[in-house]
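Let's take a walk through this model together, one piece at a time. Have the sequence and the 3D view open as you read.

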Amino acid sequence: MKITEKMKFEFPPTLAVALRMQANQKTRGKLLAGGTDLMVQWASGVTPPNRIISIWGLPELNLIEISRSEVLIGAGVTHARMARSPELKRHLPALTAAAATVGATQIQTRGTLGGNAANASPAGDTAPALLVTGGWAVLASLAGVREVPLTEFWTGYRQIAARPDEIILAFRLPKKNKARERFRKIGARQAQAISKVMCASRMLMDDGRIVSAAIAVGSVAPTPIRLSAVEEYLAGKKLTNPVIAKAEALARAVEPISDIRSTADYRRWATGRLVRDALEALKTKSRST
Amino acid sequence: MSNVQRTWTINGKQTKLRFPPGRRLLDILRDDLGLTGSKESCGEGECGACTVLVNKEPVVSCILPAGQLVNGTDILTIEGIEKKRIGRVIQQAFLECGAVQCGFCIPGMVVAAYALLIKNPKPSVRAIREALAGNLCRCTGYTKIIQAVKLAATRMPQRK
Ligand SMILES: Cc1cc2nc3c(=O)[nH]c(=O)nc-3n(C[C@H](O)[C@H](O)[C@H](O)COP(=O)(O)OP(=O)(O)OC[C@H]3O[C@@H](n4cnc5c(N)ncnc54)[C@H](O)[C@@H]3O)c2cc1C
Ligand code: FES
Ligand code: FES
């Protein structure tokens, strides 16, 4: 018998029921969405919890709402659904590009945005794309709904700002509007590879000048991070070769670790190159992701 | 753990099952139903050997807790696909292109190719490579598999 067969499962029919279960220590369980992180962890020997609360398919977590200036994406929305949505691609192209690189098709049909964010791996591919939007995670509990800026959502290695009684409901993300976005990931191969480094950016240009720059990277720190020093340097600058070179150098100030996937040196170098790539892409008229 | 009861359509047939909700879909297919075409290799979602379609979407059944699949879920395995016209077209193309060596990865490859072709009957090579990116093959080097899916696409029936 496989280990997961011993676990007790709850299938709350609605979010309200799930929140009630999570509110009480006695009924609280480990939230399970698509299981593409958790099932693998349990298969590889991580002790599974006794109690599972399955939130896969909960209608309240599966909404995509597009308003004038923002997009609300439910935590239960799969990577496949994001990657295929022309509307999301128009307003949040870095996010849809990131979703399309998570594992391969079979992972994208089950893996969810909320699961990727809550798993809080520094290598989670959607995190940098979420970060550059300047948006919020929407958290629900019996006590009500609150919003946490994404820049404060990942609080430490594999830690997020949600309390144990909270469920991530959705992500509220400002549209890119006139800005240009880009997402690039470096892994051992194009599919099914955990990122060595990945970078998302959202840049607003006006008349050859950078009005504002948002740049985020993953796999170079305990959490996904914004490169604030680079962003501040770029604001108001003209896109010249010396400016790009300086931005690349500033980006290399990250402090990654060496692990089985890559070395710290390579990651520093690649972070710089990805920032250069994002800036050079702004010079061309080509598609933004 | 107490069992749950589910009624799914598996390869077109209504099937009623009782199982612990954390049981992997792959174990239900292979061990409970004898549908051994789906293979287990990595058991961790990496290789695609266990790929089946759930509501027409390809999933890896080795990391899918089956209790999450509600009543009425439509499941298609290689055993169902090989009875379909498009499934046979794909199999024939694999044979003609010499795309099969040991064969262990092939059921998953055919399922992934089927999932692609029912949505996109005229895929680009890039789309084929992307659709099969989650399926590993230790033997063929992929070239002939990609050729086979290309050949199958030229023979797709007009009507989807
Ligand atoms: C073969 C393979 C390849 C992969 N490749 C990549 C890759 O390239 N890039 C990448 O980033 N990831 C990759 N992953 C990891 C995984 O697919 C993603 O992180 C996915 O988005 C997880 O979503 P899930 O719904 O499956 O999460 P689950 O496994 O169900 O849950 C993950 C965590 O999130 C929590 N959680 C889920 N939903 C909520 C919620 N609404 N509120 C609060 N907590 C919640 C769970 O309790 C758990 O801690 C890969 C996985 C596999 C098996
Ligand atoms: S056995 Fe399921 S993906 Fe490898
Ligand atoms: S033919 Fe042997 S693994 Fe693909």
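**Domains, chains and a ligand**

Let's begin inside chain B, where 16 residues of domain 1 of chain B are in contact with 13 residues of domain 2 of chain B (contact means heavy atoms within 4.5 Å). Before going on, a word on the ground rules: this is a predicted model, in which local features need pLDDT of at least 70 and side-chain atom pairs count only at pLDDT 80 or more, while totals for chains, interfaces and linings use all residues. Residues are numbered from 1 along each chain as its sequence is written, chains are lettered from A and ligands numbered from 1 in the order in which they are written, and side-chain values use heavy atoms, with hydrogens and water left out.

So where do those two domains sit in the sequence? In chain B, domain 1 covers 4-77 and domain 2 covers 81-154; such bounds come from an automatic or database domain assignment. Their centres, taken over C-alpha atoms, are 21 Å apart. Between them about 1100 Å² is buried, with carbon and sulfur atoms giving 67% of that. Buried area here is the accessible area (1.4 Å probe) that two parts lose on being put together, summed over both.

How many salt bridges cross this interface of domain 1 and domain 2 of chain B? The rule finds one, taking a salt bridge as a side-chain nitrogen of Lys or Arg within 4 Å of a carboxyl oxygen of Asp or Glu. Look for Lys119(B) and Glu57(B), whose side chains meet in a salt bridge at 3.6 Å, N to O.

Keep Glu57(B) in view, and turn to chain A. Glu57(B) also forms a salt bridge with Arg84(A), the closest N and O atoms being 2.8 Å apart. Between chain A and chain B the count is three salt bridges. From chain A, β1 (8-10), α2 (38-43) and α6 (105-108) each supply at least two residues of the side that touches chain B. Overall, 28 residues of chain A are in contact with 34 residues of chain B, and the area buried between the two chains is about 2300 Å², of which carbon and sulfur atoms give 57%.

Chain A itself is assigned domain 1 (2-54), domain 2 (59-174) and domain 3 (180-288). The C-alpha centres of domain 1 and domain 3 of chain A lie 36 Å apart.

Finally, find ligand 1, which lies between chains A and B. It is surrounded by 35 residues, and the closest are Leu31(A), Thr36(A), Asp37(A), Thr112(A) and Asp125(A); a residue is near a molecule if one of its heavy atoms lies within 4 Å of it. Zoom in on Leu31(A): a polar backbone atom of Leu31(A) is 2.6 Å from an oxygen atom of ligand 1. Gly34(A) places a backbone N or O atom 2.8 Å from an oxygen atom of the ligand. With Thr36(A), a polar side-chain atom lies 2.6 Å from an oxygen atom of ligand 1.

Methods
Helix = DSSP H or I, 4+ residues; strand = E, 2+ residues; numbered from the N terminus. Polar contact = N/O pair within 3.5 Å; in protein donor to acceptor, adjacent residues only side chain to side chain.
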